Amino acid sequence: MKQLVFIISLLTLVQFFNEIAEAQESSGSGGRPWLLSRGSAAREAKRFNLYDWMEQKNRNQVMDMWLSLNTPSPYEFMLGINMNQYNTDDGTTSAKFKSYEGELSAYALLVGLTGEYQNNTEEHFRDTTGMFNLRLFGHTLQGTHLTVHYGLRTREDSVGAYRLNQQFAAGTLQLYLFKYFGIYTNYRHLFPVTEAHFGETDGHVQTSGVFIDFASLRVMGSYFKEQQKSLKNTVETNIDREGTKVTLQLYF
């Protein structure tokens, strides 16, 4: 008799706990064990443990590595060399010349600096140019972009007869027509400066050309025209330089 009462009591207790579990499931507990209250679940979610912290740290390291490998660098550099062949005309005489010049540009995101140097041994002058660049449209140097510039060009002859320090403003438009082929144009306006040899001098330089890219190497052919106007003692002198450039540029 005692055994029968014990079995009935045990079955009643099991049925009681089973009904509680079914009630917890029907109340939308999301599979939470019936002995785990809402407060306990909240504390468990906020509980710090070393295993989860190490797992999260490893996941963050993998994500940082992936980003460092797949995010492009904000820095760009360009190294170029030009061979110029041109004619000069000062209104009385004309002649043909050839010269070489080099350039180096360094960009960080949308702003950059450029240095240029030309040692013209045939006309006996040197040009040293530095300028600040601001890219208004476009993402890279080796891509479609619109850029404005402001800088200083110093032109001096080899014997020290004159030295022209001319500030200038400029603009560059580069447009890709196809994936590896495009057009390029640059205009510079040289602001007036007064100097003993030439007097008051200003001018402008315009360059237009086409280019083709071979990976990081660019080959470009262009036409340029430089006009220099000087006024000294009411006498005006104009010097025009007009010709072609063959350019090699390396982007990295």
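Ala, Val, Leu, Ile, Met, Phe, Trp, Tyr, Cys and Pro count here as nonpolar, Asp, Glu, Lys and Arg as charged, and the others, Gly among them, as polar. This is a predicted model, in which local features need pLDDT of at least 70 and side-chain atom pairs count only at pLDDT 80 or more, whereas totals for chains, interfaces and linings use all residues. Residues are numbered from 1 along each chain as its sequence is written, and side-chain values use heavy atoms, with hydrogens and water left out.

The structure holds two cavities of 30 Å³ or more, a cavity being a set of points, on a 1 Å grid over the protein atoms alone, where a 1.4 Å probe fits but cannot get out, with lining residues having an atom within 4 Å of a point. Grid points are joined across faces, edges and corners, and a volume is the space filled by probe spheres set on the points. The largest cavity has a volume of about 710 Å³; among the 44 residues that line it, Glu103, Glu116, Tyr184, Arg188 and Lys245 are the closest to its centre. By class, this lining is made up of 13 nonpolar, 19 polar and twelve charged residues.

The second largest cavity, at about 30 Å³, is lined by Arg153, Gln166, Leu190, Thr201, Asp202, Gly203, His204, Glu226, Gln227 and Gln228, which divide into one nonpolar, six polar and three charged. Strand β8 (residues 199-214) gives the most to this lining, with four residues, strands being DSSP runs of E with at least two residues, numbered from the N terminus. Thr201 lies in β8 and counts as buried because its relative accessibility is 1%, where buried means under 20% relative accessible area with a 1.4 Å probe and protein chains only. Beyond its neighbours within four places in sequence, Thr201 is in contact (heavy atoms within 4.5 Å) with Leu164, Gln166, Phe191, Pro192, Val193, Gln228, Lys229 and Ser230.

β9 is in turn joined by 16 bridges to the antiparallel strand β10 (residues 235-251), where Leu248 is the bridge partner of Val219. The hairpin of β9 and β10 also has two residues between the strands, and Asn233 takes a positive phi near 55° there.

A pocket is an open set of grid points with protein on both sides within 12 Å along at least five of seven lines, and the largest pocket has a volume of about 200 Å³. Of its 14 lining residues, Thr88, Asp90, Glu123, Ile239 and Arg241 are the closest to its centre, while β1 (75-89), β5 (145-157) and β10 each supply at least two residues of the lining. This lining divides into four nonpolar, four polar and six charged residues.

A last stop is Asn120 in strand β3 (residues 111-120), which is buried with a relative accessible area of 1%. The side chain of Asn120 makes a polar contact with the side chain of Tyr86 at 2.6 Å, a polar contact being a pair of N or O atoms within 3.5 Å, of which, within protein, one must be able to donate a hydrogen and the other to accept it, and residues adjacent in sequence count only if both atoms are side-chain atoms.

Terms used. Buried means under 20% relative accessible area, exposed over 50%, partly exposed in between (1.4 Å probe, protein chains only). Two strands pair if DSSP finds at least two bridges between them.
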